[in-house]
Each structure stands twice: as structure tokens, then as C-alpha cells.
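Please open the structure in your viewer and keep the selection tool at hand. The tour moves from stop to stop, and at each one you are told what to select and what is there.

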Amino acid sequence: MNTNNAFYEELVREDRAHLWHPYSAMGGDQSVYPVVSARGVRLTLADGRQLIDGMSSWWCAIHGYNHPVLNAAIESQLGEMAHVMFGGLTHPAAVGLASRLVALTPEPLQSVFFCDSGSVSVEVAMKMALQYWQARGRPDRQQFLTVRGGYHGDTFGAMSVCDPVTGMHTLYSGLLSRQLFAASPGCRFGDPCSDRDIEPLARLLQENSPRIAALIMEPVVQGAGGMHFYSADYLKRVRTLCDEHGVLLILDEIATGFGRSGKLFACEHAAIAPDIMCVGKALTGGYLSLAATLTTAAVSDTISRGEPGVLMHGPTFMANPLACAVALASVGLLLDSPWQARVAAIEQGLREGLEPCRTLSGVADVRVLGAIGVVELSAAVDMKAVTGQFIDAGVWVRPFGKLVYLMPPYIIDRQDLDTLTAAVTAIITGTQRGFSRGSRGKQ
Ligand SMILES: *Cc1c(COP(=O)(O)O)cnc(C)c1O
């Protein structure tokens with residue numbers, strides 16, 4: 001870090017000494033950069049440098065940072081109450097947000113369970129499915145079916161349906177529930193889905209449906225499991241198969257929800273509805289951690305009429321008023337904005353800006369859908385070096401493994417977007433040159 005500021009140098013030392021960061025080692029050699037503020041699409045580092053944000057803080061900050069409308073929503077709620085338990089009590093922010101979510105999501109989804117994070121909403125979805133079958137006298141339906149390449153969160157239930165390889169199942173093999181995995185969808189977004197594409201999943205359903213509680217997957221976009229965009233036709237056939245076999249369908253819209261893929265929810269690409277849906281991430285516009293699990297009246301009524309008559313979950317911070325208030329404001333802000341046009345313009349800018357990467361050596365694929373742009377390399381990047389190069393180029397981009405990807409806030413303008421895509425292109429060009437010379441330079 002190029003800062004002369006003793007305070008921030010000490011901050012980074014303390015951070016190294018005591019803090020874990022996501023998926024990292026304590027005291028590892030990865031740099032962390034202190035941020036002092038963020039506004040619009042720009043993050044300001046402690047040394048004064050400003051970076052254009054290409055990540056939306058992992059799918060969340062769709063309106064950019066420090067938005068006056070979202071700030072005002074939190075301040076106004078704060079003046080009333082920051083929190084109150086949800087057992088036996090309710091409040092306008094929770095009820096308002098639930099009604100809004102029911103109105104926006106596909107028709108059959110009617111019942112809303114609020115929880116604190118995406119992973120927990122997946123746990124709740126899985127419990128809903130198990131309790132549904134329990135209530136119907138089918139406690140033997142306990143397994144979940146999914147596809148490889150998925151990501152659903154980091155708690156144990158969610159981990160059990162993440163891709164077994166990238167999710168490192170071997171680390172917890174004795175503890176994880178054994179689920180059923182079909183090959184990841186081979187048909188790409190925009191292409192039809194053939195019988196051969198769906199066959200592995202269809203066969204698993206055929207052979208195991210009496211034991212399966214639900215099929216869980218991310219609709220159209222597989223996020224942290226590999227950033228793949230698969231055929232909407234595949235998803236349509238998944239819905240049909242689930243109906244034929246009487247298996248519930250859980251769609252994890254935590255990454256895709258609220259417009260990211262070009263539709264408000266990615267299941268709209270296939271014009272289907274799940275029985276259970278998880279939302280999170282962009283729900284609060286990136287302000288606070290909040291997620292929700294929605295289900296149909298058929299599922300919630302069955303659970304409520306069966307034994308033990310209640311859904312066995314209830315987080316301490318369930319339906320936190322500050323989080324619900326900012327989420328309600330964020331959803332309103334999104335719907336009042338020309339978000340379709342913005343996402344379409346970002347899609348166009350990402351296509352034009354990232355397309356030149358396709359011919360670079362070391363690039364395996366370039367793909368864009370909605371406000372998501374991905375350059376897949378043939379080898380993993382050197383994270384530390386590449387992060388430094390992105391920062392020198394004035395952008396915040398955080399690759400993982402072989403994937404360099406962009407998913408900027410929807411409010412980004414074309415000039416800033418061009419800066420992001422130009423940085424990606426330049427750095428991949430430089431990196432590959434460095435590799436082919438057999439050295440990464442000593443500058
Ligand atoms: C991020 C993510 C989760 C987990 O959400 P957390 O809030 O990090 O627990 C689950 N599913 C998908 C598809 C995600 O992208």
C-alpha cells in the first residue's frame with residue numbers, strides 16, 4: 001500500500017494480526033486495502049486513490065454506494081426503532097417488504113420467511129422442503145438433487161448442495177449430507193436444451209424421486225460455482241420434470257434477483273415459477289445483510305397443518321426493521337428507475353469492451369449476460385499481482401481462480417464501464433505476455 005498515513009499502516013498491521021477475510025489464511029500474503037468511503041460507483045482508498053467498482057460488493061450494491069434515498073430510509077427507521085424481536089411482534093417495514101416481494105415474484109409465491117443471510121435462506125428453503133414431506137407423511141423424502149457447478153452458501157445444509165469439488169466437500173465428508181449431483185447443464189444460455197443435455201438430471205430423478213425432497217439450483221446463472229450461463233430451456237424442462245416426479249423445485253435467486261441477469265428474477269427467462277425461492281444480496285441494495293425464503297400457499301399450508309405445525313426456524317434478527325426498511329426503499333428505487341435499459345446498456349458495453357479478450361492467448365471464453373461479464377482464462381490468475389494491477393488502473397476487480405468478471409452497479413455510465421473493460425483487457429494482455437515470456441517482470 002502506498003500510504004504515508006501511519007494510522008492506516010497500523011490498521012493494516014492489526015488487520016493482519018487478528019482478522020480473517022473471506023476464504024483466506026490468517027496472516028497470508030494477500031494484501032487488504034483500507035477503504036475510507038464509497039459514493040456512487042467509486043471506492044476511496046485510505047491513500048486517496050479512487051477506484052471504479054466492478055463488483056457491486058459481490059452482487060449487492062446495485063444502486064451504487066451512499067445513495068441518498070437509501071440513507072434516508074435507514075435514518076428514518078432508526079428514528080423509530082433499530083430492532084425489535086419478530087416473535088409475537090410485527091412492524092410496517094417487514095409487512096411492507098413482504099407484500100412487495102409477493103407482488104414482484106412469480107404468482108404462486110405467497111409466504112415470506114425473513115432471515116439474516118443468503119446461506120440461512122437456503123437452510124430455511126431446505127427445511128421447508130423436508131417439513132413439507134414430513135407433513136405429508138413422507139419423512140423418507142430427505143435427499144436433495146442439484147447440478148454440479150452450483151453455489152448455495154457456506155452453512156452445512158447449503159454446503160451439501162454446492163459443487164463438491166469447488167465446495168471442497170472432502171474437508172467435511174463425514175458431516176455433510178449426501179446429496180445427488182447431476183452434470184452441470186451443458187447447453188449455454190440462448191441455445192436450446194436437447195434430450196441429451198437434460199438426460200443426466202432426468203435419469204437421477206427417475207431413479208431416486210421417492211427419496212428426493214426437492215431439486216435446488218440457481219436459475220440460468222451459476223454464480224460463485226463458475227459463472228456459467230445455461231439455457232433457459234433447460235430450466236423450463238427442470239420445472240416439467242419436477243412436476244412429473246412430484247418433487248419440489250427450489251430456485252436460489254440470491255445472486256440473480258433484482259435485475260442482474262436482465263430480468264427482475266432469472267426464472268423469468270424460462271417463464272417458470274419455483275415452489276420455493278431464495279433472495280438476498282441485492283435485496284437491501286448492499287446496505288445490510290437480509291435474505292428471504294418465499295414459498296407457495298400449498299407448501300406453507302401443508303407445513304402449518306402437519307406435525308409439528310410450525311416451521312422450525314427463527315433467527316434472533318429475523319425481519320430486522322433497519323434491513324427491511326432499506327430493502328423496501330431499494331426495491332422501490334429499482335422499480336422507479338429505468339433498470340431494464342440500464343442493464344441492457346451495461347450488457348452492450350460489456351460485450352463490446354470484453355470481446356477483444358476472446359482472441360488473447362490464455363483466454364478460454366468470454367461471456368456476457370445482463371450486467372454480468374466474464375472472461376474465463378485457461379489458468380488461475382496470480383490474485384495478488386493482478387489485484388495490484390487493477391488498483392493501479394483505477395478499478396476494483398476481484399477475480400477468482402480462472403475467472404475475471406465484472407458486475408458493476410446499475411448506475412455506472414459508459415465511460416466508467418469502458419475504463420473497467422479496458423483495464424480487464426489490458427491486464428489480461430499483460431499477464432499473458434508475462435506468462436509467455438516465462439517471467440512476470442521485476443518492475
Ligand atoms: C452469495 C450466495 C449465497 C450465500 O449468501 P450469503 O449471504 O453469502 O450467505 C447463496 N446462493 C447464491 C447463489 C449466492 O450467490
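Predicted model: local features only at pLDDT ≥ 70, side-chain atom pairs only at ≥ 80, totals over all residues.

Residues are numbered from 1 along each chain as its sequence is written, and side-chain values use heavy atoms, with hydrogens and water left out.

**Stop 1: the ligand**

Select the ligand together with S117, G118, S119, Y151, H152, G153, E218, D252, I254, A255 and K281, which are the residues around it; a residue counts as near when one of its heavy atoms lies within 4 Å of the molecule. This shell divides into three nonpolar, five polar and three charged residues, where Ala, Val, Leu, Ile, Met, Phe, Trp, Tyr, Cys and Pro count as nonpolar, Asp, Glu, Lys and Arg as charged, and the others, Gly among them, as polar.

Now look for polar contacts, meaning pairs of N or O atoms within 3.5 Å. A polar side-chain atom of D252 is 2.7 Å from a nitrogen atom of the ligand, and a side-chain N or O atom of K281 lies 2.6 Å from a ligand oxygen. At G118 a polar backbone atom takes part instead, at 2.8 Å from an oxygen atom of the ligand. Taken alone, the ligand exposes 380 Å², of which the protein buries 83%; these areas come from the Shrake-Rupley method with a 1.4 Å probe.

**Stop 2: a salt bridge**

Next select D392 and R49, whose side chains meet in a salt bridge with an N to O distance of 3.4 Å; the term needs a side-chain nitrogen of Lys or Arg within 4 Å of a carboxyl oxygen of Asp or Glu. D392 lies in helix 12 and R49 in the loop between strand 2 (42-45) and strand 3 (50-53), so the pair ties together parts that are 343 residues apart in sequence. Helices (H or I, at least four residues) and strands (E, at least two) are DSSP runs, numbered from the N terminus.

**Stop 3: a cavity lining**

Select L377, V381, V386, F390, V404, I427, I428 and T431, which line the largest cavity; lining residues have an atom within 4 Å of a point on a 1 Å grid where a 1.4 Å probe fits but cannot get out. Seven of these residues are nonpolar, one is polar and none is charged.

**Stop 4: two backbone details**

Select E307 and P308, where the joining peptide bond is cis, with omega near 0°. Finally, go to S56 in helix 2 (residues 56-59), where phi is near 50°, a positive value in a residue other than glycine.

Terms used. 1 Å grid on protein atoms, 1.4 Å probe; cavity = no way out; pocket = protein on both sides within 12 Å on 5 of 7 lines; lining within 4 Å. Polar contact = N/O pair within 3.5 Å; in protein donor to acceptor, adjacent residues only side chain to side chain.
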